[in-house]
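Me: Got a model I'd like to walk through with you. Can you take a look at it and help me with a few strands and helices?

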Amino acid sequence: MNGAASFLVVNFVVALSFSVVFVVVARRSHSRTAVIWLGAGFGVASLSAICELLVAYAGPTRFWALCAFATVLCGMVMLTIGIGQMYGRRISLPIASVYVLASVMLAHMIYELPRGTPLQALLYQSPFALVVLVGAITVILARQRTTLDLFLGILLTITSAHFFGKAGLAVWVGSGATAKDYVHTNYALISQSLTAVLIVTVGLTLLAKLVLEILAVHRTESEVDILSGLANRRGFDRQVNEALQRHGRGRHAIIITDLDHFKRINDTYGHHVGDTVIRAFSEALRSQAPQGSALGRLGGEEFAVFLPQTSEHEAGRLALKLRHATMSLEGLPPSLRVTASFGIAVVSSIADLDEAYREADVALYRAKGAGRNRVELATSAAQSVASPC
């Protein structure tokens, strides 16, 4: 077995391995259908290596040569469909099918043309280049694009261009007098070695994107409180730390709030009503809090709001709005009146965050001790922002 044949075997194993890995990853990915398309694309494309070996060492030559062409093209079309789904651009399956059929018919028509001529080489390689170019354009035009996405777009563009380069290489060094001779040429050795590099690079890049998305989803799910839909304590702390790093030192505010007599609500009306109160209050927080703030359910009936670039008194005005909104929550029994108490503290940096939590807690419990349904500032131990209604 010569060098090109060895690369064909390697490419088969590598592409098939990626196919298996993508199928496994699909079980965990939210883009499950897209990942299955990617896995199927690598799996189908891997069969081209077997077909190429059958062209060289078995027969009928034309049949296996067309099979090699078709499996590579089908695999690339499947990969492009998967990439399209990953980036929110639906690629028509009927159009893709017609494209594959027309391209295979073209390969059949040019089979008798002299190999290594500009016309034959260009017509043979163009269908592959155009399919990959569609995938590259899909990635590059994505609305939300990370550095990894940009790298993938560039990589796919290079992959597309390399097919045109292979056409030129076939003209320059020759691809064999017949399809059976292909595997014994220097062109085959160069072509298959380049294919091996591109398979691995594209496969690993796609896999990295999927793994990062899975990790991001898992992190989000682990940081969200299911009942309220707000961040839990871990997620809230992360958002606050990121906000402080983003805004730097300054005057920021944190509000700690607690629903009054929540245990009594559960005992009197049942836990299903208590859950409704949690959801309704969470919605009130979302509707009243300004854009850029961090919202969290710290546990039980305790919630928190972080307000970057906000003074203590500005936070107090927001707390008053939340206090009034709490007394008119919708979807509750007519006889149920819900109130909440609020404690507010200022924070200027990450180093001051723990102390700000403590001060806001102290202000909150001062509000509860003064009769509940109040807003207290940490710096105003003797004066509340609002008296109870």
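This is a predicted model: local features need pLDDT of at least 70, side-chain atom pairs count only at pLDDT 80 or more; totals for chains, interfaces and linings use all residues.

Me: Which residue of β4 is the bridge partner of Thr257?
Reply: Start with the pairing: strand β1 (residues 252–259) and β4 run antiparallel to each other, with eight bridges between them. Within that pairing, Thr257 has its bridge partner in β4, and that partner is Phe342.

Me: And what is the handedness of the β-α-β crossover from β4 to β5?
Reply: β4 and strand β5 (residues 375–377) are parallel and joined by three bridges. Ile344, for one, is bridged to Leu377 in β5. Between the two strands the chain passes through helix α12 (residues 353–369), and this β-α-β crossover is left-handed.

Me: Over to the helices: are α4 and α5 roughly parallel or roughly antiparallel?
Reply: Helix α4 (residues 93–109) packs against helix α5 (residues 118–140) with axes 9 Å apart and an angle of about 165°. Anything over 145 degrees falls in one class, so α4 and α5 are roughly antiparallel.

Me: Which residues of α5 make the contact with α4?
Reply: α4 crosses α5 in a left-handed way. On the α4 side, Tyr99, Ser103 and Leu106 make the contact. From α5 come Leu123, Ser126, Pro127, Leu130 and Val131.

Definitions and conventions: Residues are numbered from 1 along each chain as its sequence is written. Side-chain values use heavy atoms; hydrogens and water are left out. Two strands pair if DSSP finds at least two bridges between them. Helices (H or I, at least four residues) and strands (E, at least two) are DSSP runs, numbered from the N terminus. A crossover is right-handed if, with the strands pointing away from the viewer, the path from the first strand over the helix to the second runs clockwise. Axes are lines fitted to C-alpha atoms, for helices over the stretch in contact, and angles run from 0 to 180 degrees between N-to-C directions. Angles under 35 degrees count as roughly parallel, over 145 as roughly antiparallel, 65 to 115 as roughly perpendicular and the rest as oblique. A crossing is left-handed if the near helix is turned anticlockwise from the far one by less than a right angle, and right-handed if clockwise. Contact means heavy atoms within 4.5 Å.
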